[in-house]
Each structure stands twice: as structure tokens, then as C-alpha cells.
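Trainee: I would like to learn how to read the features of a model such as this one, starting with confidence and ending with single residues.

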Amino acid sequence: MAIEVRLTDTEAAGTVSWRTSKLNEEVLAVEPEICVERARLVTDSFRKTETEPMIIRRARAIANVLQNQTIFIHRDQLIAGVQASKLRSSPVFPETESNYFVREIDLFEKREQDRLIIPPEVRKELLEEIFPYWKGKCIDEIALAAMPEKTREIAMLENQIFSVGIHLSGSIGHIIADYDRVIARGFLGMRQDAEAFLNSVDFSDPDNTSKLHFYKAVIIICDAVITWGHRYADLARNLAAEENDPRWKKELEQMADICDRVPALPARNFREAVQAFWFSHLLCYIEQNGLAVSVGRFDQFMYPYYRASIDKGEITREEAQELLECLWIKFTEVMRAYDFEGAKYYAGFSISENLVLGGMTPDGRDAVNELSYMCLDAEAHTSLSQPNLSVRVHNGMPEDFFRKAVRLASTGRTKPEFFNDTVAIQSLLSLGVPLKDARDYSISGCVEAVPPHTNGMTNAAMSNIAKALELALNDGVCRLSGKQIGPKTGNPAAFKSMDDVMTAFRTQVAAYVKEMVTALQFIEKTHAKYHPLPYFSLVMDDCLARGKDITEGGARYNYTGPQAVGLSDVADSLAAISKFVFDEKSISMDHLVKALDTDFQGHEELRQMLANKAPKYGNDDDYVDEFAGEAVRIYCEEVEQYRNTRGGVYRPGVYSVSANVPLGLHVGATPNGRRSRAALGDGVGPVQACDIMGPTAVTRSVAKLNHELVTNGTLLNQKFSRDLMNTEEGKRGLGDLIRSYFDLGGWHIQFNVVDAELLREAQEKPQEHKDLIIRVAGYSAFFVELDSKVQDDIINRTEQTRF
């Protein structure tokens with residue numbers, strides 16, 4: 001399976017090394033499976049520590065994993081450190097996952113989405129030895145039991161108006177560790193810092209009593225991490241002693257020397273810094289199973305080490321490039337075993353380790369450097385779904401770097417995605433973030449801009465604003481179940497104007513947002529009490545100085561970010577009601593509601609009129625675009641009024657990941673002609689195939705939204721034909737589209753460059769297209785690992801053939 005690099009001009013990425021090709025193909029060839037070792041070691045530790053404080057128990061459990069889990073070094077891989085006992089295997093996190101594993105253990109190998117092999121002996125151990133211990137101790141049980149009955153019932157509705165499952169069955173994720181400090185200080189130095197803080201605490205102050213166990217837990221973690229690094233040093237040295245190939249023998253000896261030093265001590269050069277970074281990043285995915293623990297501004301915190309090593313002659317540019325590509329491949333090794341529903345919402349083994357390039361420095365200068373270009377080349381040379389590569393764009397960035405990034409995006413590799421510095425900085429300033437930190441923002445997960453030192457919990461929930469509109473047009477009754485799940489907002493036949501419709505819509509949004517926030521508050525409290533994260537807290541600035549776990553608000557910035565899904569369906573539906581019911585009066589509200597009640601059975605002529613004659617969002621039509629803006633404003637105003645349990649604020653987002661497909665299953669027919677249970681539109685883009693005026697019109701419609709108001713981010717997908725992007729005109733047009741969209745105030749844009757014909761062929765012959773990467777939402781995934789409904793949704797997106 002050869003890697004095709006389609007950059008062929010003066011901005012070409014160069015030759016792909018034999019090592020990169022080999023490792024890339026070996027990762028692609030793996031059939032993912034479940035690894036039991038972490039679950040076994042965590043459970044063994046918890047059985048032995050039942051009388052100790054929870055944060056100490058958590059620290060001892062992670063230490064047990066680091067000291068005893070099987071480790072290995074993949075041949076020809078220059079970077080040490082694995083998440084599980086086999087390549088691209090998923091650990092099990094019984095603290096949060098045990099209940100859904102018990103329910104679904106026989107589905108993992110059979111399900112269409114995110115299949116995982118579970119060997120018989122692993123299945124037996126999990127069901128008989130491990131999961132019984134966690135009965136009554138799992139996060140989802142505790143959190144659900146603590147919620148008010150009404151909130152619990154709404155959170156667990158069959159036809160969901162919001163989903164909080166990601167943090168019921170998973171940890172917080174969505175953080176960016178302060179890697180610069182970790183690499184520069186080392187875990188021995190951080191251990192010394194923890195001891196100094198511990199010795200300085202006045203425990204006569206009642207506010208300080210919890211700090212005793214916090215610092216002790218952090219010290220336990222530091223010792224375990226240092227031991228873990230030395231285990232890899234010993235393994236590399238032992239393998240080198242038995243190796244006959246002189247090249248690999250030398251590389252193993254070098255790896256042993258590096259791991260003798262890092263992560264315990266400060267990195268002195270680029271090789272040590274890359275290894276120290278990987279160890280510290282990987283540990284985030286060993287401690288907990290939250291997704292989108294992101295990389296942040298890699299080209300900024302790693303550049304000083306690269307520059308110093310180049311200047312001293314310690315490494316050549318070609319050797320550094322190959323090391324970067326080894327790291328790129330490592331990112332794709334990280335795995336998570338989602339439950340059946342979660343796999344639909346975050347399809348394709350979504351991890352979303354976002355790595356950001358470019359942008360501004362904290363003092364406002366351009367931040368692009370030589371390493372920024374090399375990272376683009378690393379992306380071009382690999383053929384994998386991770387990392388989730390992002391480029392920050394501002395008017396002062398080098399044009400050749402911007403065009404190189406655009407050219408890479410035009411090749412069909414789905415990355416990088418592009419972000420507008422102006423919008424991000426203004427949005428963060430509106431939250432009270434100082435300018436220096438706002439300029440230093442990174443992307444957490446898909447599209448969420450966060451300043452340094454943030455516990456964002458930025459993907460807290462997915463909420464269904466299309467369902468809210470359904471309830472507004474049915475007096476709060478779910479059209480699919482017949483149950484009253486929203487407040488009574490009146491018989492829509494009695495609505496006299498669009499103001500009445502919008503008032504009912506806002507009332508439904510306000511009601512479900514309040515219940516969603518209530519559910520999240522109880523989930524956050526449950527995590528803080530039963531699932532503290534001493535390692536996360538160690539690598540996040542301010543937690544250590546405050547002596548406070550990250551789940552309790554130890555970070556400097558604390559956000560909670562729930563998303564709205566279904567914007568384009570809501571906008572198109574509101575426009576159709578306005579035009580046909582109130583403006584033209586060509587249909588009555590009663591007629592429309594009866595058609596929706598029957599899923600348009602016997603009303604096909606009406607459905608065709610709604611689908612084809614009403615204005616559609618995404619075509620630069622103010623009539624419908626204004627409804628999109630109003631729906632966004634209503635959602636944001638309802639969300640942003642709340643504060644979370646960590647002393648921070650709620651930040652509204654408008655993006656869907658792949659949730660537009662499963663959430664569509666929970667929505668009846670809508671006034672835009674959409675049939676019951678059909679997929680919703682994704683992100684802030686138009687409904688599939690409704691954008692008929694080309695990509696510029698799409699961006700003009702989307703730019704009319706107030707993106708600075710949507711402080712948790714918006715997401716715009718665009719799909720272009722390969723024929724167009726194979727031309728110089730197409731490549732130039734793509735860059736011009738990004739620039740013009742950002743000049744209009746857009747926040748984010750990303751691209752699939754692929755033909756529907758190729759995607760259909762991959763559906764039919766998945767084994768021949770294992771390396772086909774597609775942009776799902778704010779992340780990339782292997783197309784053949786997606787559920788067929790998600791695949792169909794991507795195929796049905798409008799394929800642009802011109803600008």
C-alpha cells in the first residue's frame with residue numbers, strides 16, 4: 001500500500017522515507033482489539049486501597065499500570081511509548097466504561113461502527129473478574145443516581161433532545177497540557193516542586209486540608225512516570241544487546257540513552273524533547289479515556305529544541321523530519337473503545353489530538369518558523385487520521401506558508417483545517433481572557449479555541465435544536481413517542497406570526513438547555529469526587545500551585561462547552577414557515593402540522609414545495625440566513641448565562657462531530673421537507689445538497705452568523721471534486737476562498753477533496769481502501785471504519801466543482 005504524495009511543484013513535501021512508509025503501512029494493517037491489562041491493574045489496585053482517599057487511590061492505580069503493564073518497542077519506530085500491550089489496541093477504563101461493556105461486550109466485533117476484536121480470554125476476565133467489582137462504582141451510575149428525577153429522565157430519553165453520554169461514560173478530555181513546562185522541567189523537577197508546595201502549606205487553614213492528599217498523589221504519579229521511562233530505557237538496551245542489524249541496534253542504544261534521561265530530567269535537545277513530549281502526551285490517554293487531549297502549539301514549544309540541535313550539529317534536518325513523521329504515526333496508535341451510541345456520535349475511533357501551527361506570538365508577531373513547514377511535510381508524508389492538524393491564519397503570516405498549507409489541503413488528505421485568528425482572539429477577549437493569552441490560543445479537539453492553562457470540557461454535550469423546533473410546533477410533545485418532553489407552548493395553529501413561532505422555539509431551547517446544564521453540573525461534581533485526575537493536574541499550570549485537582553477547578557480557565565446540532569434544518573424550516581404560512585399564506589399552519597404528523601404521507605406535493613421552493617441556507621439569501629443567525633443567537637444566549645461547578649462559564653458551540661446522523665434519528669419530519677429520522681445538516685453548513693450557488697455563496701451565508709458570539713466554535717465542512725483541485729486554478733481558488741471567508745468574519749473551514757464515486761467504491765471494497773481518510777467533522781477518520789449511515793451522510797454532502 002504505497003503512500004501517494006501529490007505535492008509536485010516547488011512546494012513539494014519531498015521524498016517519503018522507507019521508515020515512514022513501513023510504519024505507516026503497519027499501523028494501517030492492524031485490526032484494532034481490546035487490551036485488558038489496564039483494567040486488570042487498575043482494578044487490582046482499587047481492591048487494595050479502599051480505605052484511602054480517592055485521589056490517592058487514583059494515583060496508586062495509575063502507578064500500578066505504569067509499573068506493570070506490558071511495554072514494547074515497535075521495530076524501526078524511533079519513539080518509545082505505547083498505550084496498550086499491542087499496537088493500536090484500546091485499553092479498558094472500568095471506572096467509566098464497565099456498565100456499557102457489560103451490556104455491549106458481544107456487539108464490539110459485530111457492530112458496523114468502530115469494530116474491536118475481544119479475544120475470548122479477555123471477554124472472560126472482564127466479565128468474571130473485573131467488571132463485577134465496579135458495579136455501583138462506575139461514574140455513569142453515580143452521576144445518574146445523583147441527578148434530579150426530571151433531569152435524569154430527559155437525559156436518558158429514547159428520542160434525545162441532548163446527549164451528555166461522552167462524560168457519563170468517559171473522562172473530561174479536551175485539555176492541552178503545558179508541555180513546554182513538562183519538557184523543560186522534567187518529572188523529577190516537578191516532583192521537587194510538589195514537595196516544596198506540600199511543605200509550605202499551612203494545614204491549620206481549613207481550606208488547605210485537601211491539599212495534603214493532592215500533593216501526595218502528585219508525588220506518587222511523578223515517581224511512577226520516572227520508573228516508566230526507565231522501563232523503556234531498560235527494554236531498549238536489552239533489545240539492542242540481542243540485535244544483529246547494526247542500524248537498528250544503534251537506534252535502540254540511542255533510545256535507551258534518551259529514556260534514561262527523559263521524562264525524568266529536562267530535555268537537552270530535539271530528540272529528547274520529542275520523546276519527552278510523547279511520554280507526557282501519551283500518559284494523558286493512560287490515566288483517563290476522555291478524547292481530544294490535544295497537542296497545542298507544537299511548532300512553538302518545540303522550535304527552540306529543534307533550532308538548538310540544528311545549530312549544534314546534533315541532528316540534520318532530514319533526521320528531524322523523519323523523527324517528526326515517527327511522532328505523527330504514534331498519534332494514530334491512541335485508541336478508545338466507545339459504547340455503541342458514542343461510536344455514532346464520534347465515528348471513526350475519534351480521538352482528535354489537535355496540533356496547531358502558525359498564528360501569532362503572545363506579543364502579536366507572526367509565529368511561523370521552520371518547524372511549522374516541516375510539520376506540514378510530516379502530514380504530507382503520512383497517511384493517517386491523526387494528529388488533527390490545524391493552521392491559524394492571520395493577515396501577517398508568510399504567504400508561502402499559507403499556500404503550502406492550502407496546497408496540502410487540496411490533495412485530499414483532509415488536513416489541515418483553518419482557523420481565523422481575528423475571530424478567536426476577539427471571542428476569547430469577550431470572556432475576559434487577557435490579550436497575551438488570547439493570542440496564544442490553541443484548538444482543543446475539533447474547533448474549540450482555548451487559551452493556555454485551560455480545562456475546557458469543550459465537548460460537554462450535543463444538543464438537538466431541530467428537536468426543539470419540533471417541540472415548538474407540537475406543544476412540547478415528541479412527535480415520535482407522543483410524550484410530553486418539553487413545556488407547553490401552545491397549539492401552533494393558533495400562532496399569528498413568526499414572532500409566535502420564535503417565542504415557542506426559544507421557550508423549548510431554554511427548557512432543554514436548563515436540563516442539559518443541570519445534568520452536566522451533576523456529572524462534573526461526580527468526576528471531581530470519584531474520578532480526580534492527579535496526572536492531568538500535574539501537567540496543567542496553576543493546579544500544582546493551587547493544590548487543587550483539575551476536576552475541581554484547579555486550572556486557570558474553566559469552561560464547559562455544549563454544542564447545538566441541526567442549525568441548517570432549523571433555518572430552512574423557519575424560512576419555509578415564514579414564506580408559505582405567513583408571507584404568502586399558501587398553506588395553513590394546521591395543514592403543515594398534519595403533514596409533519598404523518599411524515600408527509602399523503603402530502604408529497606407539499607413536501608416537494610417545502611424542499612424545493614423555499615429559500616435555503618447556504619446560498620447567500622438574507623431571507624433564510626437571518627433565521628440561521630437568530631437561531632444561533634437564541635441558543636448562545638440561553639447557554640452562556642450559566643456557570644459551571646469549577647468557577648467558570650458555559651461556552652456555546654455550533655458543530656456536530658458526526659452527531660447530526662444519530663440525532664437526526666430522534667427528530668420527526670421538519671418543515672424544510674426533511675423526512676422523519678433523516679440525518680440533520682452538519683456543523684454550520686447547509687443541509688446536504690441544498691447549496692446550489694457554489695462555495696462562495698456558502699461562505700457568505702455562514703459568515704453572516706456572529707462567530708464571536710459562539711465562543712465554543714463553529715465548524716464548516718466543504719467538499720470539492722478532485723478534478724477541480726488537480727488544477728492550479730482550483731488550488732488558488734481554495735486559498736482565496738479561505739481568505740475571503742475569514743475577511744467576512746468566518747471562524748473555521750475544512751475540506752474533503754474526494755469524489756462520491758470513490759467513496760461508494762470504498763463502501764463496496766473496504767479492504768482496498770483502508771488508507772482512505774475523510775473529514776467527518778472537526779476531525780479526520782478512516783472512511784472504511786465509519787458506520788454506513790455516516791458514510792452516506794458524507795457522500796451526500798454537496799460536491800463543489802467550481803468557485
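Trainee: What should I know about the model before reading any feature?

Mentor: This is a predicted model, in which local features need pLDDT of at least 70 and side-chain atom pairs count only at pLDDT 80 or more, whereas totals for chains, interfaces and linings use all residues. Residues are numbered from 1 along each chain as its sequence is written, and side-chain values use heavy atoms, with hydrogens and water left out.

Trainee: What pLDDT does the chain average?

Mentor: The pLDDT is the predictor's confidence in each residue, from 0 to 100. Here the chain averages 94, and 97% of the residues score at least 70. Over residues 1-12, however, the pLDDT is below 50, although this stretch has 35 contacts in the model beyond near neighbours in sequence, a contact being heavy atoms within 4.5 Å.

Trainee: Which residues touch the most other members of the largest nonpolar core?

Mentor: A nonpolar core is a set of buried Ala, Val, Leu, Ile, Met, Phe, Trp, Tyr and Cys residues joined through side-chain atoms within 4.5 Å; buried means under 20% relative accessible area, exposed over 50%, and partly exposed in between, with a 1.4 Å probe and protein chains only. The largest core has 259 residues, of which Phe-187, Phe-270, Phe-298, Phe-418 and Phe-505 touch the most other members. Helix H10 (residues 209-242) gives this core its largest share, 16 residues, where helices (H or I, at least four residues) and strands (E, at least two) are DSSP runs numbered from the N terminus. Another core, of 15 residues, lies apart from it and includes Val-754, Ala-762, Leu-772 and Phe-783.

Trainee: With which residues is Phe-418 in contact, leaving aside its neighbours within four places in sequence?

Mentor: On that basis the contacts of Phe-418 include Val-391, Val-393, Phe-402, Ala-405, Val-406 and Ala-409, and also Ile-738, Phe-742, Trp-747, His-748, Ile-749 and Phe-751.

Trainee: How many salt bridges does the structure hold?

Mentor: Side chains of opposite charge can pair when their charged atoms come close. A salt bridge is counted when a side-chain nitrogen of Lys or Arg is within 4 Å of a carboxyl oxygen of Asp or Glu, and the structure holds 60 of them. In one of these, Glu-515 pairs with Lys-150, with the closest N and O atoms 3.7 Å apart. Glu-515 lies in helix H22 (residues 498-530) and Lys-150 in helix H7 (residues 149-155), so the pair ties together parts that are 365 residues apart in sequence. Glu-515 is buried, at 11% relative accessible area, whereas Lys-150 is exposed, at 54%.

Trainee: Where do Asp-311 and Arg-307 lie?

Mentor: Both belong to helix H14 (residues 303-312), four residues apart, about one turn of the helix, and their salt bridge has its closest N and O atoms 3.2 Å apart. Asp-311 is exposed, with a relative accessible area of 57%, while Arg-307 is partly exposed, with 24%.

Trainee: In what order do the three strands of the open sheet stand?

Mentor: Two strands pair if DSSP finds at least two bridges between them. The order is S3-S10-S12, with mixed pairing. Strand S3 (162-163) and strand S12 (562-565) stand at the edges with a single partner strand each, so one side of each lacks a neighbour in the sheet. Strand S10 (residues 461-464) and S12 pair in the parallel sense over four bridges, and Asn-464 stands opposite Val-565 in S12.

Trainee: Is Leu-520 buried or exposed?

Mentor: Leu-520, found in helix H22, is buried, with a relative accessible area of 0%. Not counting residues up to four places away in sequence, Leu-520 touches Val-164, Ala-460, Ala-461, Thr-560 and Tyr-650.

Trainee: Which residues are in contact with Ser-578, leaving aside its neighbours within four places in sequence?

Mentor: They are Met-498, Asp-583, Tyr-623 and Phe-627; Ser-578 itself lies in helix H25 (residues 567-583) and counts as buried, at 7% relative accessibility.
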